[in-house]
Amino acid sequence: MVQSITDHSEHPFEWIDIVDPDQDELNELTTKYALHESSINDWLQPDHLPKYEHVRSYTFIIFRMHAEKVSKEADTVPELTDKVAIFMFEKLVITLHKNEWLAPQFIKENQIRENACENTHQLVNEIIKSCIATYEAPSIKLTSDIEYYEENMFLKNRKPSLLKGLYYLRRRVEVTRRIIMLSHDIVERLDSGEQSNTYTRDTRDLYVKLHNIYDTLFENMNQLVMIYFSISSQRTNEIVRVLTVFSVFFMPLTFIVGIYGMNFEYMPELKLKLGYPGVMVLMGAITVGIYVWFKKRGWL
C-alpha cells in the first residue's frame, strides 16, 4: 500500500510511505525513482542489519525498530525487530516496511506541522528517532523479567522452565543490544558536521541512553546466568553432602552385617543366645556415636 504523507503543496519535500509492497510495486518504484538494484535486494533480505550508504543521488538507510509483539521464545533479529528502509533524496523521502507502522502519522501531526522539519535530513532524523524510541518500552519489560527471575532464583523453588526462560531472555537482550550497537553509524552520520542541530542531538542523546540501558541489561543478564549455575552447583554439592553423610552411617553397619552373613559353620559368637540382640545394640551404638561425632564437627 502506497500513501503520501506529505507533498510539495504544503512542505518543501515529499514523503511517500509504502507498506508491504509486492514485486510489481517495487519494480515501478525502482523505475520511477531510479533506485539501485542493490538497495532493493537489501530491503528484500528479512534479516538485513542496519546500514547507511550513499547510492547515486540518494542516501539509503536500513534501520531496525523493535517489533510491537514479540513471543516469549523469540531470539532472532527478524522475530525481535521490524525493518524500515529509507531512501533520502534532496526533496523526497521514501520509507518501506513490511508491517503497519504508526510513526508516519505521528511525525506528520507533531513534528512536520510544527515546522520542526524543514528538509529531508530533519525528516529522516525524526524517523530514526521514532524507531529508536521503540526500544524504550521493551527495556522496561526486560528489566521486569530479570527481576522476576532473580526473585524465583533466590527466594523461591526453581521451576523446570527457569533455565529455558533465562536462555531466551538472554538471547533477547543480546540480539537487541547488538542491533542498537550496529545503529551507531546511522545516528553518528545524522548528527555530524553542518547537519548537526538540536533535533539530531536529541536523537543522539536518546540513542546513548538506550545503548547504556541495554549494556546494563546485558551485564545483569550475564551475571544472572552465572549466579544460576553457581546456585545449581551449590545445591548439587549440598545433595552430595547429605548422601555422603547417610553413606557414612551405613558403612560400618554394612560391614558388620557382611561379616556375619558369610555363613561359616565355626564362626565365633554364632552360638551365643544374646548374639543377635548384642549385635543390634552394637549397631545402634555405632550409629549414635557417628551422629554425635558429626554434630560436634558441625557437619549436621
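Analyst: By class, the largest cavity is lined by six nonpolar residues, one polar residue and no charged residues. This is a predicted model, in which local features need pLDDT of at least 70, side-chain atom pairs count only at pLDDT 80 or more, and totals for chains, interfaces and linings use all residues. Residues are numbered from 1 along each chain as its sequence is written, and side-chain values use heavy atoms, with hydrogens and water left out.

User: Which residues line the largest cavity, and what makes a space a cavity or a pocket?

Analyst: The lining consists of F63, I132, Y135, I180, S183, Y207 and L210. On a 1 Å grid over the protein atoms alone, a cavity is a set of points where a 1.4 Å probe fits but cannot get out, whereas a pocket is an open set with protein on both sides within 12 Å along at least five of seven lines; lining residues have an atom within 4 Å of a point. The largest cavity holds about 40 Å³ of space.

User: How much space lies in the largest pocket?

Analyst: About 660 Å³ lies there. Of its 25 lining residues, K72, K141, D145, Y149 and R172 are the closest to the centre. Helix 6 gives the largest share of this lining, eight residues.

User: Why is I259 called partly exposed?

Analyst: Buried means under 20% relative accessible area and exposed over 50%, with partly exposed in between (1.4 Å probe, protein chains only). I259 has 31% relative accessibility, and therefore counts as partly exposed. I259 is found in helix 9 (residues 198–259).

Note on methods: Helix = DSSP H or I, 4+ residues; strand = E, 2+ residues; numbered from the N terminus. Points joined across faces, edges and corners; volume = space filled by probe spheres on them. Nonpolar A, V, L, I, M, F, W, Y, C, P; charged D, E, K, R; others polar.
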